[in-house]
Amino acid sequence: MTTINELNERFGIPGVAEVVSGRGGLAVVRVTAPSATAEIYLHGAQVTSWRPSGADEVLFVSEQSRWEDGKAIRGGIPICFPWFRGKADNAKAPAHGVVRTKAWELTAIAQLGDGVTVTLATESDEASRRWWPFEFRAEYRVTAGTELRLELAVTNTGSTTMRFEEALHTYHRVGDAEKIRVTGLDGTEFLDNMDGNREKMQHGDVAFKAQTDNAYMNTALALEVIDPVLERRIRTEKKNSLTTVVWNPWEAGAKALADLGDDEWRQMACVEASNILSAAMTLGQSHKHVMTAAISVTND
């Protein structure tokens, strides 16, 4: 395997981006661009930090998170593929798919204006075929600058049509989950996973009053997390994403997760671009699907 030093010699940009040993000794691309700092781990191709110049940290990562091979990082932006939550036909399959706990290949780092784009890739292998018998290649481009731009491209490299779910499972850092609200979903139908996936209608802004796990269907508008405690708005614009997941584990859910502190639910809110459930994507041979999300922050 290529060592961290070798990756840095090949891809690093002095004073702008370097490949270093991160938490748990895992390889991480550390960006220190004029417009933002960021961290992208090769483990799961997971963004764990993004801080635009002059702003506070935008992403939440648990203090209890594991940093080791085969374990998911709790927080940041995990990539869920090719299924979301548990696998419908196999309870033993890993939650949220087969790519969030494997090391992705770093393929490029480029400085574009005052931002930096990091490109990573992974593909089907013996481990993925154990759970999902399809051939694929996934490429992920993360651009850290005044906004955080995420682009996940999935290509069907096999000879049969494949159907998959995907999500950029973004953990936003918030001042107090009970005081924030999410705009952009008023009048949208959603499936309430805390109530047997019953169909419901959103009236007004989303507010967190209890454990929440909603899949909003047919969503295309920009979303905003309005945070009166941190006095800011986190805006997400997305393309080729038909669903939006909104999640907070609340007190009972946090206590049930070994890698999340009992009170950390107050500091996080997941609002994420996705294609899940009836919006799962179908790709024919050699076809490609690209989902994007752009996150920006403004102070109130």
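**View 1. The buried pair D213 and R85 in the predicted model.** In this predicted model, D213 and R85 are both buried. These two residues form a salt bridge with each other, in which the closest N and O atoms are 2.9 Å apart. Because D213 belongs to strand β17 (residues 212-217) while R85 sits in the loop between β5 (79-80) and β6 (105-112), the pair ties together parts that are 128 residues apart in sequence.

**View 2. The second largest pocket and the residues that line it.** The second largest pocket holds about 340 Å³ of space. Its lining is made up of 18 residues, and those closest to the centre of the pocket are R85, H96, H169, D213 and W247. When the lining of this second largest pocket is divided by residue type, 8 residues are nonpolar, 6 are polar and 4 are charged. R85 and D213, which are listed here among the residues closest to the centre, are also the partners of the salt bridge with N and O atoms 2.9 Å apart.

**View 3. The salt bridge between R129 and E135.** A salt bridge brings together the side chains of R129 and E135, with a distance of 2.7 Å from N to O. R129 is partly exposed, as its relative accessibility is 37%, and E135 is likewise counted as partly exposed, with a value of 27%. The position of E135 is in the loop between α2 (126-131) and β8 (136-144).

View 4. The side chains of K200 and D192 meet in a salt bridge whose N to O distance is 2.8 Å. K200 is partly exposed at 28% relative accessibility, whereas D192 is buried at 11%. Elsewhere, a network of salt bridges links E224, R233, R235, E237 and D300. In total, the count for the model comes to 21 salt bridges. Side chains of opposite charge can pair in this way when their charged atoms come close.

**View 5. An open sheet of 9 strands.** The strands of this open sheet follow the order β6-β7-β8-β9-β23-β19-β18-β13-β16, and their pairing is antiparallel. The edges are formed by β6 and β16 (206-207), each of which pairs on one side only. Strand β13 (residues 181-183) runs antiparallel to β16, and 2 bridges join them. Within this pairing, V182 has V206 in β16 as its bridge partner. Strands of a sheet pair through backbone hydrogen bonds, either parallel or antiparallel.

View 6. The model has a count of 0 disulfides, for which the sulfur atoms of two cysteines would have to lie within 2.5 Å. The cysteine sulfur closest to that of C80 belongs to C270, and because it is 9.3 Å away, it is too far for a bond. Seen from C270, the closest cysteine sulfur is in C80, again at 9.3 Å and too far for a bond. C80 is buried, with a relative accessible area of 0%, and C270 is also counted as buried at 0% relative accessibility.

Notes:
Residues are numbered from 1 along each chain as its sequence is written. This is a predicted model: local features need pLDDT of at least 70, side-chain atom pairs count only at pLDDT 80 or more; totals for chains, interfaces and linings use all residues. Side-chain values use heavy atoms; hydrogens and water are left out. On a 1 Å grid over the protein atoms alone, a cavity is a set of points where a 1.4 Å probe fits but cannot get out, and a pocket is an open set with protein on both sides within 12 Å along at least five of seven lines; lining residues have an atom within 4 Å of a point. Grid points are joined across faces, edges and corners, and a volume is the space filled by probe spheres set on the points. Ala, Val, Leu, Ile, Met, Phe, Trp, Tyr, Cys and Pro count as nonpolar, Asp, Glu, Lys and Arg as charged, and the others, Gly among them, as polar. A salt bridge is a side-chain nitrogen of Lys or Arg within 4 Å of a carboxyl oxygen of Asp or Glu. Helices (H or I, at least four residues) and strands (E, at least two) are DSSP runs, numbered from the N terminus. Buried means under 20% relative accessible area, exposed over 50%, partly exposed in between (1.4 Å probe, protein chains only). Two strands pair if DSSP finds at least two bridges between them.
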